[in-house]
Structure formats: C-alpha cells, structure tokens
Amino acid sequence: MRKMKWCVLLVCFLAIFTSCCKSMPLSVQKRWIIDDATGERVKLHCSHWVAHTQPMLAEGLDKLPMNVIAANVAKAGFNCVRLSYATYMFTRHANNTVRDIFHSHDIPEMVTAIEKHNPSVLNMTHLQAYEAVVDALGEHGLMVLIDNHLSLPDWCCGNNDQNGFFGDRHFNTSEWIQGLAFVARHFKGKPNVFAMDLRNELRGSRQNWNVWYKYVSEGVKTIHEINPDLLIVVSGLSFDNDLSYLKTRPLDLNIDNKIVYESHVYSFSGDTGRWHVQPTNWVCNATIQWFIQQSGFLLSGKNPAPLFVSEFGYNMEGGNFADERYWPCIVAYFTSVDLEWSLWAFQGSYYFRQGNVGPGETYGVMDSDWKDYRDPNFTQKIQLLQRMIQDPNSKASESHILFHPSTGYCAHVSDDKEVVMGDCKSNSLWSFEGDGSPIRLMNSGMCLKADGEGLPPSLSEDCLSAQSSWKAVSMSGLHLASFGKDGEVLCLEKDSNSTKIVTTKCICIGDDDPSCLDDPLNQWFRLVPTNV
C-alpha cells in the first residue's frame, strides 16, 4: 500500500512538471520564440516578481503562503515569471539564512509574518528559498526567467548607484561571471527555468558600446557553455532603452538561436513631462517612433530577432495622468506586432524598500495585502495582450480585431447585429485592406457604416459608399474615421456609459494644432492584424 502511494505521488509530480514544461526547451526562429520539439510559437506574457532587494527574498511571503502566490500568478493569466536576484545573494550570501538577514535589518515584524505564512522559509538559505519559489511556480505551470537585476541587493536603479555598468564599484565583472555560471549550473535541469537575463538596466557614466560587446559576449558564452538549453536575454544601455547600435554592429556569437533582446518602456522613459504639455496623439506617436528607433527595429528587416519588453506597466491605483495615456498607446502598438513582454510587477508590497518597512507597490498587480487586484479592471486591460495574435506557422488568412486599448475591450457583433464592446476571448473578426477601404465583418457581406454624429455605426450591405470607407487618422494612427450622411468626418468612439460604439466628431486629429489638449482616449481604436 505504501509503495502504491509513492507511485501515485511520483506520477502526480511528473504530470505537474510535464505540464509546466511541455514547451521546453525554447529556441529562436527569426523574431519568434519557439518550442524546440514542435516548432510551434511560444508567446511570453510574464510578470515580474522581485527577489533582489536587501532582504534577498521573493516579496510577499509575509502576506500569503508561497504556493498561493504562485497559484495567483497563474490565475491572473501569466505563463511565466521574471524572477530577479542580486549577484551577491549567491556569491557572498548563499549560506546565510533568511532569518539572519531579516534580523540584520531589524524588522522583526516581517519575521513574525513570514513565520505565520511560510514558517519553513526562515531557516532556509537564500539559495534554498529562491529555488523553492522556482519550484512553486513550476507546480502551477509557470516558466521562470532568472533575472540578474543588480549585484548589491538593493532597490534599483540610479545613474550613480555604482551598480549599473561593468567595472562599477558593485559590478565586478569577474564576480558577475561567477554568479552567472553558478546560476546556470545550479538550475540546469530545472524543467521550468527556460531563460536567464544577463543584467537588468545597464546605466551610468561608464557605459559604452565596446565594453558592452566585450562583457555581453563573455556572459552569453558562459551561460551557453554550461546550460545550452537556456534562452539568454540581453539588455541594452541607458536603463534598457537603447539597442540602436545593433543596427550597425550585430552581436555575432554563432548561437543566434538562443539570444533574445530586451527593452523597457514606461511613461517616464525619455521626456517625462511631455504627456502634460503636448497633444496626446503627438506624444503617443513620438513614444512609438522612439521605441522603434531604439529597439523595435529588431522585429523586422533582413535579420529579425526576438524582442522581449521585460519591463513596462502603469500606476494601478489610477489618477496618473501620463500613465493613463501611455498605457493604451503602448498596448495598441504591442498588440499590433504581438510582442513578448513582462509586466512590472506582480508584488503588492515590499518587506523593506529605501528605508521604509512594508511599503506598497503602486505598479503592482496585487494590492498591499496581496488579496485583490490593485486595479479592478486589470485582467480586462491585458486580456488581448496575453493572447497569441500572430502565429508564424498559421495557414489562416489575415483578419483583424477591432480593439479599444484604453479599456482592453474588443468589438463584438450581437445577435441583433449591433456592434458592441466586450471581452477579447470571443470577439468578432473583420477584414480591412487599408485606408479608404471598408471594415467588413468576416465571412459576411456586411460592413461597418457611419450613420451620423452620436449614432452607433450600423452593419450594412452598402460597402461602397463614403460612409463605409474608413481610415486611420491623427498622428497616433488610433482614430478610425469615416464620413457621416452630411459629409462630416466622424470617428469611432466608445460610449462612456455603456458598451456601445458611436460615431462622433474627431478629437484632436489635426497634426498642426499644438494647442489641442483634449482627451482622445475613448476614440482610440486599433485594427489588430491576426492569423490565429
């Protein structure tokens, strides 16, 4: 009987890890990440879980059991976690216990709380605790990207923190390589660990391209020689904002099928104040063009490569003027090219951050108690982002999803032929051949027709009139405009008080009017191409 119980447990264990790792190992094929075994695309839609700060422990274990947090990550629809660490955790503090480090920071209330929810963790070493988190995530089918966030455990990042570039006081290159080698070796064979990140947000006055090429090459080779199954995520300069030098000098290491590039983009990337003083359509266009010039160019051209936006996010408490405009702008672009991404961040709070005990994370998916979503509309806002929208192996013809990025809703045709907004799991599909053509409901002879200001667009068999001719207007490219019965230009707009779509006078679509600061977000729509 005892032997049978052990056999059942073994079968369950193998089933869990087979499920979590059915897409392992992964490789690169042009701009896509693929399953080695099947050649099918694997889209990364991840969240970040911080473990690199001074306590050197994955956040939240004072709030909930580790297994519950891992389950909640999966429940939120993510398929992987970017789990950060600091080099010194494993090169200098690997044998220190979690209890010892918390006592050294004199935060006994956190020790008490961890003892309540995760009592076994306190007597673990940092390595054991980190590995326990990796295993908990694997039990819930979640892949793990191990992210070298910095060397000295601390909050990140500043230009002058001496933790930002090769050769800085807290960035000894030999110790960094030693840390990468240790992690690659220790987690080799861990079924849900699919990638390692060389280093987060390179920065500071010492940064330059030649040094970058030297040490990035060394880091990549170190990991690949030890653990050739892993994807290796490579960051650029200027806080992960700049990979533009790859246009003229590619990273040539003869292991291209394992290299993924990463980039970060926030509302405060670049010119932080522009959202307040310029038309929103202008700033959105400038943001996307800047992103493409700095890193997005990697997705196209003669030798495309995968681009993983490993940090982006918004203030989930609301009320942040810039974030409320940046988010739909960047999400509209991400869905249009179906990027891989990791959201900052899952944690709702920190043990200890910048001298404060127990502060919340306003960009966190979870609230400060780790019980509810900080933004009640969060899951809807990322629903389309989490879907695979483009499949390089698909034989299906291209269609489009009519997407409203501010809310995360997609257009549906109801039973009574009304066009309304709803979730993006069962949305309608449309054909669109470019500016000046009709938006046609797939597999029908019906087209979207503007019937007049303030009125819902109708589905009509009249697909040749000016009222059924649509084009993207404004610098953002996110207004879809047609003509009303009287020849006036009208844009699609989501009704503020319902799920209905109406057509109204376009807001701030003039490219030459810097004084138009009205809010156009309800009029932002994107026809997202899909072949899935």
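**Close-up views of a predicted model**

View A. With a relative accessibility of 24%, F239 counts as partly exposed. This is a predicted model, and here F239 has a phi near 60 degrees, a positive value in a residue other than glycine. D240 also has a positive phi, about 65 degrees, although it is not a glycine. Buried or exposed, which is D240? D240 is buried, because its relative accessible area is 1%, under the 20% cut-off.

**View B. Eight strands close into a barrel.** Follow the order β3-β4-β5-β6-β7-β8-β9-β10, and you will find parallel pairing. From one strand to the next, the twist averages 25 degrees. For a look at one pair, take β4 (residues 80–86) and β5 (residues 143–150), which are joined by seven bridges. A86 has L150 of β5 as its bridge partner.

**View C. Two cis peptide bonds sit in loops.** One joins C156 and C157, with omega about 15 degrees, and C157 lies in the loop between β5 and α7. The other runs from W344 to A345, with omega near 0 degrees; A345 belongs to the loop between β10 and β11. For context, most peptide bonds are trans.

**View D. The largest nonpolar core has 122 residues.** Helix α11 (residues 321–337) gives the largest share of this core, ten residues. Among the residues with the most contacts inside the core are W212, L246, L251 and Y261. Leaving aside residues up to four places away in sequence, L251 touches several residues, including W212, V216, V234, I259 and Y261. A second, separate core of 17 residues includes V419, I439, W470 and I501.

Terms used
Residues numbered from 1 in each chain as written. Predicted model: local features only at pLDDT ≥ 70, side-chain atom pairs only at ≥ 80, totals over all residues. Heavy atoms only, no water. Core = buried A, V, L, I, M, F, W, Y, C linked by side-chain atoms within 4.5 Å. Buried < 20%, exposed > 50% of the residue type's maximum accessible area, 1.4 Å probe, protein only. Helix = DSSP H or I, 4+ residues; strand = E, 2+ residues; numbered from the N terminus. Contact = heavy atoms within 4.5 Å. Pairing = 2+ DSSP bridges. Axes fitted to C-alpha atoms, helices over the stretch in contact; angles between N-to-C directions.
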